[in-house]
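This report covers backbone and disulfide details of one model. The structure is shown first.

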Amino acid sequence: MIDAVRMSCPSSGETGRACNLFESSVHDDRGGPEPGTSARPHFRGGWLAGLLMALFGVTSAAQAADYTMTIAHLYPDDLTNNETAPALKHFEQLVETATGGAVQVEVFGNGALGGEVEAAQQARAGKTIQSVMLGSGTQASFYRNYEMITAPFLFPDYRTAWAFFDSAWFAEFMKPMVAESGLRYLGTLDDGGGFVAFANNKRLIKTVEDLKGMRIRVEENQAHMTIMRALGAAPTPLPWGELQTGLATGLVDGHFHAPGVNDIFKLYDVTDYTTWSGHVYNTITWSVSEAWFKDLPRDYQEIIVASAREAVAMAHGIATQITVVGWVNSCEKFKECHVLSDAEKMRMRDIAQPIYRDWLVEEFGPKAKLFDDMRAEIDRIHQSQRQANLERYLD
């Protein structure tokens, strides 16, 4: 999971808009709002506007933008090695076309606008940042119930996970986030491919016993710490930006991320062994400032929601491709790779889930029943899909 740390990047805003040269030159010279705010640009002379249009190819639709939706995330702006960048590029096109340019979408990747926590705090007000993508750990810090999504072995497969995150049940589960954080839920992406893989420098993990005593890097996430302790490992909180150094120096023995993340950030350079365990399903939660969203005309709100849903669906497919490629590359570049057997997954699940459930009761009290309801809904979805498979393609 990529957590709340700024990633290195080229100059901010290089997302297909020539680094916002036109907007920043006008605003900075006039002492007006900073680039990326929702204010409408102003000009003092028609000749200047005409000159700038000629120089920078600014269209009349861009001039007419009534609202700016600045979206911040940590993944690279590269459209080929992660699901976030291409999904947001598609969202940008859909929204700007459907609104006739009245809503302008600006996407800033690579942590260009700050770490996750910083960006989410700014998105609450909706002034400089209007939308943000958050990893599981940071998301739980802004909406406590989300810790339940980090439960061990929650999903049996991708289709069940996607159907659950796109379900009416989960939409209702996320609605209280508005009151708690000032952020409105738009959708869930699969962080680097969803199901995680261990990577470490000690030994190849084939059984739960292989984890005993291993120092596994985690976020500042009590749920993940509880899971690692249950499996016999020693959870070691460490910021994302310090992971490679921590692995190289032996501060930690290993970590877990989806295979796509291991490949994107070349974590095979600092670890020898990887096991695709799938014990946690990492996610990226996409939300928008409620304060900013409420000020939009109703038809623009509908366009943003519909466009986000299509972008999320597209991201699911991209994420699985990245996962497959990431795993193939992992098996070529790590010293050894291993896919955890179904029998061993069940062993780990049976060990970790009761301990995790006890932790939930301690942390959430009666609200822990929500977790039981969630597991029942996930099981219902899985069984429904299984029955549909039999009826449509076998019976």
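Asparagine 110 sits in the loop between strand 2 (103–108) and helix 5 (116–125). The model is a predicted one. The phi angle of asparagine 110 is near 60 degrees, which is a positive value in a residue other than glycine. Asparagine 110 has a relative accessibility of 10% and counts as buried, because buried means under 20% relative accessible area.

A positive phi value in a residue other than glycine also occurs at lysine 266, where the angle is near 50 degrees. Lysine 266 belongs to the loop between helix 12 (259–264) and strand 8 (273–289). With a relative accessible area of 43%, lysine 266 is partly exposed.

The remaining item is the disulfide. The count comes to one disulfide, taking a pair of cysteine sulfur atoms within 2.5 Å as the criterion. The bond joins cysteine 331 to cysteine 337, with an S to S distance of 2.1 Å. The torsion about the S-S bond of cysteine 331 and cysteine 337 is about 105 degrees, so this disulfide is right-handed. Cysteine 331 is partly exposed at 32% relative accessibility, and cysteine 337 is partly exposed at 28%.

The table lists the accessibility values by residue.

| Residue | Relative accessibility | Class |
|---|---|---|
| Asparagine 110 | 10% | buried |
| Lysine 266 | 43% | partly exposed |
| Cysteine 331 | 32% | partly exposed |
| Cysteine 337 | 28% | partly exposed |

Note on methods
Residues numbered from 1 in each chain as written. Predicted model: local features only at pLDDT ≥ 70, side-chain atom pairs only at ≥ 80, totals over all residues. Heavy atoms only, no water. Buried < 20%, exposed > 50% of the residue type's maximum accessible area, 1.4 Å probe, protein only. Helix = DSSP H or I, 4+ residues; strand = E, 2+ residues; numbered from the N terminus.
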